[in-house]
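Keep the viewer open as you read.

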Amino acid sequence: NPGVDVRLGKAELLPFPDGAFDAALAQLVLHFASDPAAAAREMRRVLRPEGRAAACVWDFTGGMRMLRLFWDAARAIDSSAPDEASTLRFGQDGEIGSLFTEAGLREVKTGALEVEAGYQDFADFWAGFLSGSGPAGSFCVSLGQERQEELREELRRRLGDPQGPFALTARAWYAVGSS
């Protein structure tokens with residue numbers, strides 16, 4: 001990242017001075033912060049006057065179809081699977097907006113971002129879970145080979161056994177506010 005000042009830090013204690021930025025963004029991370037309220041206050045703190053903060057998180061209940069299909073398949077083979085819809089915050093409309101308002105941001109607006117993800121085939125889709133990324137990937141790679149195969153086949157069945165390219169829709173809830 002030439003010309004970019006990259007620093008290691010925590011969302012709850014950003015390593016930047018007050019009023020340093022015109023914008024502060026938290027894309028798909030608030031639900032992983034140990035103290036989301038502190039993270040939102042830090043976003044506001046590092047903004048210049050009239051700066052903008054924005055954040056979004058996937059709609060885990062059904063709007064993020066890939067994750068909903070994954071967790072429904074996972075729970076079909078293991079009823080104790082940690083479904084993100086019940087274990088993570090901010091996956092519902094308005095939750096990030098409330099967090100921003102409580103952090104002192106003004107003129108907070110909320111809504112949905114709709115996207116579509118394309119896959120070459122089921123193997124392309126499945127490969128994302130094998131990376132171990134995020135809660136779904138972590139769960140997938142924690143399974144033994146036999147259970148992982150059961151999950152793969154259940155997920156394939158729930159997708160309708162796609163042959164060739166397919167796409168899935170996804171929705172993220174967002175909030176934008178001013179300092």
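Two residues are in contact here when they have heavy atoms within 4.5 Å of each other. With that cut-off in mind, and remembering that this is a predicted model, look at where two helices meet: Trp126, Phe129 and Leu130 in α5 touch Ala136, Gly137, Cys140 and Val141 in α6. Sorted by class, this contact of α5 with α6 has six nonpolar residues, one polar and no charged ones. The axes of α5 (residues 122–130) and α6 come within 7 Å and cross at roughly 85 degrees. An angle from 65 to 115 degrees counts as roughly perpendicular, which is why α5 is described as roughly perpendicular to α6.

Helix α6 (residues 134–142) also packs with α2 (residues 65–77), this time at an angle of about 35 degrees, with the axes 11 Å apart. The crossing of α2 and α6 is left-handed. On the α2 side, the contact is made by Leu67, Phe70, Trp71 and Ala74, and on the α6 side by Pro135, Ala136, Phe139 and Cys140. The class count for α2 with α6 is eight nonpolar residues, no polar and no charged.

Now turn to the sheet. Its four strands form an open sheet in the order β1-β2-β4-β3, with mixed pairing. β1 and β3 (106–119) are the edge strands, each pairing on one side only. Neighbouring strands are turned by 20 degrees against each other on average, ignoring direction. β1 and β2 run parallel and are joined by six bridges; Leu25, for instance, has Ala54 in β2 as its bridge partner. Helix α1 packs on this sheet, touching β1 and β2, and its direction makes about 145 degrees with that of β2.

What covers the buried residues of α1? The cover includes β1 (21–27), β2 (47–58) and α4 (95–102). The buried residues of α1 are Pro36, Ala38, Ala39, Ala40, Glu42 and Met43.

Is Met43 buried or exposed? Buried means under 20% relative accessible area, so Met43, at 6% relative accessibility, counts as buried. Leaving out residues up to four places away in sequence, Met43 touches Leu14, Ala24, Leu25, Ala26, Ala53, Ala54 and Phe100. Among these are Leu25 and Ala54, the bridge partners met above. Finally, the C-alpha atoms of Met43 and Ala55 are separated by 9.9 Å, with the two residues twelve apart along the chain.

Terms used:
Residues numbered from 1 in each chain as written. Predicted model: local features only at pLDDT ≥ 70, side-chain atom pairs only at ≥ 80, totals over all residues. Heavy atoms only, no water. Buried < 20%, exposed > 50% of the residue type's maximum accessible area, 1.4 Å probe, protein only. Axes fitted to C-alpha atoms, helices over the stretch in contact; angles between N-to-C directions. Left-handed = near helix turned anticlockwise from the far one by under 90°. Nonpolar A, V, L, I, M, F, W, Y, C, P; charged D, E, K, R; others polar. Parallel < 35°, antiparallel > 145°, perpendicular 65-115°, else oblique. Pairing = 2+ DSSP bridges.
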